Amino acid sequence: MPNVGKSTLFNALTKAGIAAENYPFCTIEPNVGIVEVPDPRLAQLAAIVNPEKIQSAIVEFVDIAGLVAGASTGEGLGNKFLAHIRETDATVNVVRCFEDDNVIHVAGKVDPISDIEVIQTELCLADLTAVEKALHRVTKLARSGDKESIKLVAILEKCQVALNDTKPVRTIDFSKEELPLLKQFFLITAKPAMFVANVAEDGFENNPFLDRLKAYAAEQKAPVVAICAKMEAEMADMEEEDKKMFLAEIGQDEPGLNRLIVAAYKLLGLQTYFTAGVKEVRAWTIHVGDTGPQSAGVIHTDFEKGYIRAQTIAFDDYIAHQGEQGAKDAGKMRSEGKEYVVKDGDVMNFLFSS
Ligand code: GDP
């Protein structure tokens, strides 16, 4: 919704972010903010290895112009908005949970649930249109006995029922077999979603708006991060020292943005493994469940093809034994083959043939 603090929060994120030029694979657009994923484990590894460089994992946030009621029928930014949101991997819905008479609320009063429902209705309607189109196409094939199409019809009909009831597709319990089939329809409400509650400086506790939002989000199994966008924006302009003092004053040990970034990373189903060399200590991003070869592939596609095995040390072992040699001597370095499912925090060396 307009005036909930999206731009304020996005600007704070961008200021805390990093120069996109260094990331050739990232989108360089004014509405894209690239931020490092805060991870204290990097500093712990660096303290042992003393690398020339430390490289964090990163996440891209895209600022998508506000949605208004009627977008699904092309009103306002309408279709353009929906096209942008379709390209993302997950959505963050910023919700106003602060009162301020100086900031106009488009619906006349602060009501996070009703705001969410306006947005959700539009997204559900857009998905419903897509689902009905697909149903029309697939039903014909199903009638002629095509097995795949019969399965698709069943999936689409479940979506149709939920969407008609303005329930997002992600709230439906699909079977393991159905989930991969759903992907081809690019439904917006099937994407993982989270809420950011934009609260007043003193609105983190005893805030009925926030309490209601938390209860609502829990029903949809969506995480909530409470943040004061105004405070984050002020902090983004401060020098490191001042920022630390400011955080101490408000009794926090890190900016709220950090919680947002970490929550987004998790929401995307992402996790981190490390490489730790004297040139560089680096966090690499993989999906939860990725195997050794898939994980090597994020460094270089050749690594995936030529993967032989990975020398692997669990993060805690690496720290406890003060590095690779120590862990190796203690028998904590494992040799993992192609089937190995990489764990969050693994410190890895890949052996591959070229
Ligand atoms: P957007 O339309 O969602 O992008 O909202 P903006 O970020 O432009 O914010 C709209 C207005 O609300 C601006 O005047 C902001 O200064 C104000 N605002 C944003 N966040 C907060 C907040 O946490 N508290 C208060 N009191 N005002 C805020």
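Trainee: How many bridges join E4 to strand E5?
Mentor: Please keep in mind that this is a predicted model. E4 and E5 (residues 193-199) are joined by 7 bridges, and the two strands run parallel.

Trainee: Which residue in E5 is the bridge partner of Val92?
Mentor: Val92 has Met194 as its bridge partner in E5. Further, Val95 stands opposite Ala197 in E5.

Trainee: What is the order of the strands in the open sheet?
Mentor: The open sheet has 3 strands in the order E4-E5-E6, and their pairing is parallel. From one strand to the next, the twist averages 25°.

Trainee: Which strands does H10 touch where it packs on the sheet?
Mentor: H10 touches E4, E5 and E6, and its direction makes about 165° with that of E6.

Trainee: Back to E4, then. How many of its residues are buried?
Mentor: Of the 7 residues in strand E4 (residues 91-97), 6 are buried, so the strand is largely enclosed by the rest of the structure. Buried here stands for 20 or more other C-beta atoms within 10 Å.

Trainee: And the largest nonpolar core: which residues have the most contacts inside it?
Mentor: They are Leu9, Val95, Cys97, Val196, Ala197, Leu213 and Ile227, in a core of 60 residues. Helix H10 (residues 256-267) gives the most to this core, namely 6 residues. The core receives residues from both domain 1 (6-40 + 55-109 + 193-267) and domain 3 (289-352), so it lies between them. Apart from this core lies another, of 17 residues, including Leu128, Val169, Leu187 and Ile188.

Trainee: Take Leu213. What is it in contact with, leaving aside neighbours within four places in sequence?
Mentor: On that basis, Leu213 is in contact with Val95, Cys97, Pro112, Ile113, Phe195, Ala197 and Val224.

Trainee: Changing topic, how many residues surround the ligand, and which are the closest?
Mentor: The ligand is surrounded by 16 residues, of which Gly5, Lys6, Ser7, Thr8 and Lys230 are the closest. Helix H1 (6-16) and helix H8 (229-236) supply at least two residues each to that shell. H1 gives the largest share, with 3 residues.

Trainee: What about the segment before H1? What is the phi of Asn3 there?
Mentor: Asn3, which lies in that segment, has a phi near 65°, a positive value in a residue other than glycine. Most residues other than glycine have a negative phi. Asn3 counts as partly exposed because it has 13 C-beta neighbours inside 10 Å.

Trainee: And Phe186, is that residue buried or exposed?
Mentor: Phe186 is exposed, because 12 other C-beta atoms lie within 10 Å and the cut-off for exposed is 12 or fewer. Phe186 lies in the loop between helix H6 (178-182) and E5, and its phi is positive, about 45°, although Phe186 is not a glycine.

Key: Residues numbered from 1 in each chain as written. Predicted model: local features only at pLDDT ≥ 70, side-chain atom pairs only at ≥ 80, totals over all residues. Helix = DSSP H or I, 4+ residues; strand = E, 2+ residues; numbered from the N terminus. Pairing = 2+ DSSP bridges. Core = buried A, V, L, I, M, F, W, Y, C linked by C-beta atoms within 7 Å. Domains from an automatic or database assignment. Contact = placed C-beta atoms within 7 Å. Axes fitted to C-alpha atoms, helices over the stretch in contact; angles between N-to-C directions. Near = placed C-beta within 6 Å.
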